[in-house]
Each structure stands twice: as C-alpha cells, then as structure tokens.
Amino acid sequence: MSLITLTDLHKSYGPHEVLKGISLTIEAGEVIALIGKSGSGKSTLLRCINGLEPFQRGGIDITGLPVTTNPAELRALRQRVGMIFQQFNLFPHMTVGRNVMLAPMVVKKQSKAHAEATARQMLDRVGLAGRFDSYPGQMSGGQQQRVAIARALAMEPLALLCDEITSALDPELVNEVLAVMRDLARQGMTLVMVTHEMRFAREVCHRLVFMHQGRIHEVGPPAEIFTAPKTTELRQFIGLEPV
Amino acid sequence: MMAFSTWDIIRNLLLATRWTIALSLAAFIGGGLLGFLILVLRIIPSRAAGLAARAYIEIFQGTPLLMQLFLAFFAPALFGMNVPAWVAAFCALTAWSAAFLAEIWRGCVQAVPLGQWEAGASLGLSYAAQLRHIVLPQALRLAIAPTVGFMVQVVKGTALTSIIGFVELSKAGSIITNATFAPFTVYGCVALIYFALCWPISFGSRWLEGKLNVAHHAH
C-alpha cells in the first residue's frame with residue numbers, strides 16, 4: 001500500500017484556484033522533490049498533506065488515514081508526518097534540547113528521561129550532539145534548521161515534508177542541511193520536499209514532480225525529467241528553451 | 001474652629017492611601033484573572049466565544065469608567081440589594097481592567113509569529129498545548145511591560161470611586177478640604193501621593209521593556 005495518496009485535490013483561496021486536481025501516490029522510502037516556479041502550488045500542496053491548509057475537493061490519505069479537519073484525527077495524522085519549514089520555526093524561548101523534547105513529552109506522554117535520551121540521539125544524528133543546552137538564537141541558520149529536523153525526527157514520523165528548507169539560508173550553510181537530508185534519504189526515510197536545489201534533487205531524489213499553474217505537468221525520475229522533458233513549460237523551467 | 005497642622009493633613013491622606021493601594025491591587029488581580037479568561041475566549045477558534053469576548057471588551061472600553069461605577073453602585077439597588085461602595089468599586093474596576101488587559105494581551109499573543117503555531121501543530125500538539133507551551137510563554141514576555149504600565153491607569157482610575165462614596169485618597173482629600181478650607185495644600189498633597197505611587201510603576205514598566213527587549217534580541 002502507498003504511504004501517501006492524493007486524489008484529485010482541489011484547493012482555492014477565495015475565487016483563486018491554487019491546486020486544480022492533483023493526483024499522486026508516494027511509496028514508503030521514496031524521496032520526492034516538488035519543483036516548479038513560485039506560485040505553481042508546490043508549498044500549498046505540501047501544507048495540505050499536513051493539514052495546515054484545508055482543501056475543498058478531492059482527498060489525501062496517509063497509510064489509510066484520511067486528512068480531515070477534525071482536530072483529533074489531524075493530531076493522529078501529524079504524528080505520522082513531520083514538517084520542516086523554510087523559517088525553521090524553532091521555539092525561541094526553549095533550549096534546543098527542550099525544542100526536541102516538547103512534542104514527545106506532551107503528545108506521546110514520554111517520560112522526561114526517555115524524551116531526553118531520544119532528543120540527544122536525534123541531535124547527534126544531525127551533527128549537533130554538543131548543543132543540547134543552547135538557545136536557537138545562539139545558532140546559525142543551518143544549525144537551527146538541523147535542530148528543526150531533529151525535532152521532527154523525535155516524533156518518529158513515517159515521512160517528512162520539507163518546505164524550501166534551505167531557501168532562508170546563507171549559501172555556505174545550505175550544504176550542511178542537505179548533507180543531513182542525504183543521510184535521511186539513505187536511511188530510507190520518506191521525504192517529500194519543495195526545493196530549488198536542482199543538483200540535490202537530481203542526485204538524491206527518486207522522482208521529481210514538476211508543477212505548473214496548480215497542476216502536475218510531469219512526473220518522472222530525475223534523469224528523464226532533466227534530459228527528456230516532454231512539455232514546453234518544463235523545458236523552459238530547466239533552461240533548455242528560452243522563456 | 002479647630003486648627004489642622006500640615007502633618008494632620010498628610011497623616012490622614014496617607015491613611016486613606018492604604019485604601020487606594022488596596023483597591024488598585026484587588027482590581028488589578030481580579031481584572032487580570034477575568035482578563036485572562038476573556039483573552040482565551042477571544043483567541044480560541046470559536047466564533048461564539050470570540051463574539052462574546054469582543055462584545056464585552058467593546059462595552060467596557062466604549063463607556064466611561066464613571067458610568068460603570070454608577071451602574072455597579074446603583075443598579076443593584078433597583079433589585080433591593082444594598083451594595084457597599086467598596087464592593088461596587090471593586091467590581092466596576094475589575095470589569096474595566098479586564099477589558100483593557102484582555103485587549104493588551106491579545107496584541108501580545110498576535111505578535112507571536114504564525115509559524116510558531118504551525119510548528120506546534122505540525123508536531124501533533126493540540127490547540128491548548130500550542131497555547132500553553134509555545135505561544136503564551138512568548139506572549140508573556142511581551143506582555144510584562146505594557147501590563148505593568150496599565151497598572152498606572154488602574155491606580156488613577158480608583159480616584160473615580162470617590163464619587164460613589166468610597167473613602168480612598170481623593171475622597172479623603174475632599175473631606176479634609178471641607179474641614180480645613182485649604183484646597184491647594186490638600187489637593188497638592190493628594191497629587192504628590194498619586195505621583196509617588198504611579199511614577200515608580202511607569203519607571204518600572206520602561207525598565208522592564210528595555211530589559212526584556214535586550215533579552216529577546218540576545219536570543
């Protein structure tokens with residue numbers, strides 16, 4: 001069974017239709033990049049999968065659980081799907097360790113000792129073992145984003161949704177975050193990412209999904225998307241054809 | 001005619017100041033508790049609760065405190081209840097402070113970026129848990145300075161309760177004036193005492209604002 005199934009998803013902001021019927025299935029362990037121009041609906045699609053945006057028509061199903069607007073069902077769903085944001089959204093009033101421990105303790109009712117052990121393990125996994133007691137404000141953007149990844153991993157999600165997670169970073173900090181993502185991909189984590197890092201998408205992703213004006217235009221393995229694009233829009237997007 | 005020394009005047013005013021302080025503190029604490037309740041109603045995603053909270057805030061911010069005091073004092077009498085002046089003063093000031101504090105705090109809650117709520121939601125936290133662990137601690141830090149600053153308004157607001165016969169600093173001033181015929185001396189002292197109460201509070205508010213801003217930026 002597929003991990004995530006989207007069926008004819010429609011989403012509008014008032015009269016403006018952002019997603020015009022998206023259907024896509026994502027298997028466990030797949031690494032998928034959503035690519036396309038800004039305004040093509042990539043981020044909105046990602047936010048719909050996590051229930052952060054309500055949608056009007058169609059359905060999303062995650063390991064048999066439908067995405068609804070019911071708060072309790074949404075909470076259950078979000079324990080299976082973690083999300084990482086462009087702006088990190090770490091909690092500035094808590095130490096890094098507390099950031100990672102909060103959800104396991106509050107949502108999963110883990111003991112403090114258990115949550116702390118998990119948090120240290122996750123911080124180690126993203127290369128920040130020594131920073132347990134730092135505050136987010138004392139860290140670089142790249143380090144903060146890695147904490148955000150550790151925080152999502154501590155909930156043991158089945159998939160991670162990554163919304164332009166390197167776009168707010170200085171160029172020299174992008175690689176440390178991508179290296180963590182590469183590790184996660186190698187370890188078999190299901191990743192769905194909106195990204196502008198084409199080289200990373202090409203090297204790491206199993207499939208690329210090209211979106212244009214609220215629709216999926218092309219889906220395929222990176223080699224195919226980059227070397228044999230079928231539509232004019234994609235050829236323009238990857239620069240094979242002038243706009 | 002009996003003579004009053006300046007010390008007599010000051011001593012009696014200071015005795016009455018106790019009631020100004022007591023009423024200010026009681027109204028501030030009562031208003032804080034009620035204000036928090038209204039704040040929660042105002043921000044939870046329920047239309048009915050939000051409307052009720054807004055109506056409350058509009059009514060108490062949109063009418064003079066003096067009218068609220070009159071109503072709190074005289075309305076129960078219509079139903080044959082005799083409310084002592086201090087009870088009416090406490091109730092009206094509490095209700096009035098609650099409306100203003102709820103609105104001040106709502107601004108602080110809204111100043112916490114939306115991404116903080118979303119990060120909490122995406123981790124599976126319930127609305128109440130997001131509020132308790134993520135948003136309120138951050139809003140609290142923003143709220144301290146304006147909340148302390150508002151206490152100055154409460155202290156000055158207690159002066160109005162003299163009109164319904166509660167003997168606090170202002171009322172004591174007018175009673176003493178009637179006996180001494182020295183309004184300038186008496187009201188001068190009254191003003192100085194109010195200033196002595198309020199100035200440290202507004203100074204403290206500014207100090208906290210500077211301190212917490214620095215701490216916030218250091219993060």
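In the predicted model, Gln87(A) is located in the loop that connects β6 (81–84) and α3 (96–106) of chain A. With 19 other C-beta atoms within 10 Å, Gln87(A) is partly exposed, because a residue counts as buried only if 20 or more such atoms lie within that distance. Leaving aside residues up to four places away in sequence, Gln87(A) touches Ala168(A) and Gly115(B). Gln87(A) and Gly220(A) are 133 residues apart along the chain, and 29 Å separate their C-alpha atoms.

Chain A as a whole is divided into domain 1 (1–28 + 38–72), domain 2 (79–195) and domain 3 (206–243). The centres of domain 2 and domain 3 of chain A, taken over C-alpha atoms, are 30 Å apart.

The contact between the two chains involves 21 residues of chain A and 18 residues of chain B. On the chain B side, the elements that give two or more residues are α5 (114–122) and α6 (127–157). By class, this side of chain B is made up of nine nonpolar, eight polar and one charged residues.

Helix α6 of chain A, residues 171–186, was examined next. Its 16 residues should span 22 Å at 1.5 Å a residue, and the end C-alpha atoms are 24 Å apart, which agrees. Within α6(A), the residues Val177(A), Leu178(A), Val180(A), Met181(A), Leu184(A) and Ala185(A) are buried. Viewed down the helix axis, the buried residues of α6(A) fall within an arc of 155 degrees, so they line one face of the helix. An α-helix has 3.6 residues a turn, so residues three or four places apart point the same way. The face of α6(A) turned away from the buried side carries the exposed residues Glu172(A) and Arg186(A). The cover over the buried residues of α6(A) includes β3 (31–35), α5 (141–153), β8 (190–194) and α7 (198–204) of chain A. After α6(A) comes Gly188(A), with a positive phi near 95 degrees.

The largest nonpolar core has 121 residues, of which Ala150(A) and Leu191(A) touch the most other members. Helix α4 (residues 85–111) of chain B gives the most to this core, with 15 residues. Apart from this core lies another, of 10 residues, among them Ile9(B), Leu169(B), Val190(B) and Tyr194(B). The contacts of Ala150(A), not counting residues up to four places away in sequence, are with Val100(A), Met122(A), Leu123(A), Arg125(A), Val126(A) and Leu128(A).

Chain B contains eight helices and zero strands. Its C-alpha trace spans about 80 × 50 × 20 Å along the principal axes. Of its 219 residues, 36% count as buried. Among contacts in chain B between residues at least 6 apart in sequence, 76% join residues at least 24 apart.

Within helix α1 (residues 6–43) of chain B lies Gly30(B). This glycine, Gly30(B), counts as partly exposed, with 17 C-beta neighbours inside 10 Å. Not counting residues up to four places away in sequence, Gly30(B) touches Phe90(B) and Thr94(B). From Gly30(B) to Ala49(B) there are 19 residues in sequence and 21 Å in space, C-alpha to C-alpha.

Helix α7 of chain B (residues 169–180) has 12 residues and reaches 16 Å from its first C-alpha to its last, close to the 16 Å expected at 1.5 Å a residue. The buried residues of α7(B) are Leu169(B), Ser170(B), Lys171(B), Ala172(B), Gly173(B) and Ile176(B). Phe181(B) follows α7(B) and belongs to the loop between α7 and α8 (183–218) of chain B. With 10 other C-beta atoms within 10 Å, Phe181(B) is exposed, because 12 or fewer such atoms define that class.

Backbone angles were also considered. Most residues other than glycine have a negative phi. Phe181(B), a residue other than glycine, has a positive phi near 55 degrees. Glu156(A) likewise is not a glycine and has a positive phi, of about 50 degrees. Glu156(A) is placed in the loop between α5 and β7 (159–163) of chain A. With 13 C-beta neighbours inside 10 Å, Glu156(A) counts as partly exposed.

Definitions and conventions
Residues numbered from 1 in each chain as written. Chains lettered and ligands numbered in written order. Predicted model: local features only at pLDDT ≥ 70, side-chain atom pairs only at ≥ 80, totals over all residues. Domains from an automatic or database assignment. Contact = placed C-beta atoms within 7 Å. Helix = DSSP H or I, 4+ residues; strand = E, 2+ residues; numbered from the N terminus. Nonpolar A, V, L, I, M, F, W, Y, C, P; charged D, E, K, R; others polar. Expected span 1.5 Å × (residues − 1). Arc of directions from axis to C-beta. Core = buried A, V, L, I, M, F, W, Y, C linked by C-beta atoms within 7 Å.
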